[in-house]
Amino acid sequence: MDNRSPYIVDAPSVSVIMFKVLLALIPGIALYVYAFGLGVIVNITLASLTVVLTESAILAIRKLPIKPFILDGSGLVTAWLLALSIPSIAPWWIIVLGTLLCIIFGKHVYGGLGYNLFNPAMVGYAILLISFPSIMTHWQIPTNLMENHVEWLDQIKIIMNSHLLSKETIDAMSSATPLDYIKTQLTLNQPLNIIQQNKIFGFLGGSGLELVNLGYLAGGLYLLKDKIISWHLPVSFLTTLFFTALIFNSFSPDTFASPLFHVMSGGSILCAFFIITDPVSAPTTPKGKIYFGVAIALLVFIIRIFGGYPEGIAFAVLFMNIFAPLIDSLTQPRIFGHK
């Protein structure tokens, strides 16, 4: 006979939660490989190896047990999110350096899992973007849009040693992202309908990116169904981003892209379900999560449209991470019996 009170439940362990997050990323990764090739798999592999080696070394220095911390899966989630956030044909040392930054300055400098103020993956990404803007904004175009057929093996050659291929081959494989291209062309006074005739644009967000984002969406819905995350953060973020873009697009459709473009382009879906839902660096109260998601969406849109970077997710998330404790303290539910 179970004598426990009915409100006591068996909560999943950290390792189970992290494993399900990794599992939820697989549909997006599979579609990423289908649309863009094997580069992302190389990034994920390098990031995963770097995490294991780096955390093992840090834990040994701190005289903490290595196995339980490595097997909890939190480091791998950070590694995979960073690998999915950087260009899939970036040099190998970019992902290795970024992963080191995530684990050292985003996680262990605060004491490890559960103590970090900032989202570790976004810490590494932001430092890389500021330090190497040319590399971090040079993305691969979908394989079906390449003028010359490029083998997947060529992507691995670029990642491991770009000198193995000619500059013409590399240029044929890469371009600016749709967000970056729109931002640049608008400064040249090009109308939006002409800008979006470029081959890198798809039906909604960007050729290939729409497919990948649908994979992330499927994984995010799985996390919602399994109650790994709650609806408050993804719904508040995506709804705010959609309606903010809709307002601007309604006033000037030749200058501001459609709301569906903002949702399906860039890292919006990945951010909504996998980045801002980090249980440590985000608020924990239901109201707090809604305010947090709304604020990040507004900042993302402002940076995309008026800022110096085409994508503002990392900066918006890190900025709002600072306010997460304050948001939690201001949105605590009223204690029963207190006025």
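Predicted model: local features only at pLDDT ≥ 70, side-chain atom pairs only at ≥ 80, totals over all residues.
Residues are numbered from 1 along each chain as its sequence is written, and side-chain values use heavy atoms, with hydrogens and water left out.

Tyr32 and Phe36 sit four residues apart in helix 1, about one turn of the helix. When I say helix or strand, I mean DSSP runs numbered from the N terminus: H or I with at least four residues for helices, E with at least two for strands. The whole chain has 18 helices and two strands.

How many aromatic pairs does the structure hold? Ten. To count, rings of Phe, Tyr or Trp (its six-membered ring) need centres within 6.5 Å; planes under 30 degrees apart are stacked, over 60 edge-to-face, and the rest tilted. The ring centres of Tyr32 and Phe36 are 5.3 Å apart and their planes meet at 55°, so that pair is tilted. Now compare Tyr216 and Phe274: they are edge-to-face, with 6.4 Å centre to centre and 65° between the planes. This pair links distant parts of the chain, because Tyr216 is in helix 12 and Phe274 in helix 15, 58 residues apart. Tyr216 is buried at 4% relative accessible area, and Phe274 is buried too, at 5%. There's also a cluster, where ring pairs link Phe248, Phe256, Phe301 and Phe306.

Let's stay with helix 12 for a minute. It runs over residues 209-225, and its 17 residues should span 24 Å at 1.5 Å a residue; the end C-alpha atoms are 24 Å apart, which agrees. The expected span, by the way, is 1.5 Å times one less than the number of residues. Which residues of helix 12 are buried? They are Glu210, Val212, Asn213, Gly215, Tyr216, Gly219, Gly220 and Leu223. Their cover includes helix 1 (14-36), helix 4 (74-85), helix 14 (259-264) and helix 15 (268-275). Leu214 also belongs to helix 12, but Leu214 counts as partly exposed, at 46% relative accessibility.

Residues 39-61 give it 23 residues, and it reaches 33 Å from first C-alpha to last, close to the 33 Å expected at 1.5 Å a residue. Just after helix 2, Lys63 takes a positive phi of about 60°.

Next, charges. There are three salt bridges, where a salt bridge is a side-chain nitrogen of Lys or Arg within 4 Å of a carboxyl oxygen of Asp or Glu. In one of them, Asp226 meets Lys20 at 2.6 Å, N to O. Asp226 lies in the loop between helix 12 and helix 13 (232-251) and Lys20 in helix 1, so the pair ties together parts 206 residues apart in sequence. Asp226 is partly exposed at 28%, and Lys20 is partly exposed at 22%.

Then there's Lys107 with Glu55, at 2.8 Å, N to O. Lys107 is in the loop between helix 5 and helix 6, Glu55 is in helix 2, and they are 52 residues apart. Buried or exposed? Both Lys107 and Glu55 are buried. Glu311 and Arg304 also form a salt bridge, at 2.9 Å, N to O; Glu311 is buried at 16% and Arg304 is buried at 4%.

Last stop, the whole chain. Buried residues make up 51% of the 339 residues. Taking contacts (heavy atoms within 4.5 Å), 75% of those between residues at least 6 apart in sequence join residues at least 24 apart. That's the tour!

How values were computed
Buried < 20%, exposed > 50% of the residue type's maximum accessible area, 1.4 Å probe, protein only.
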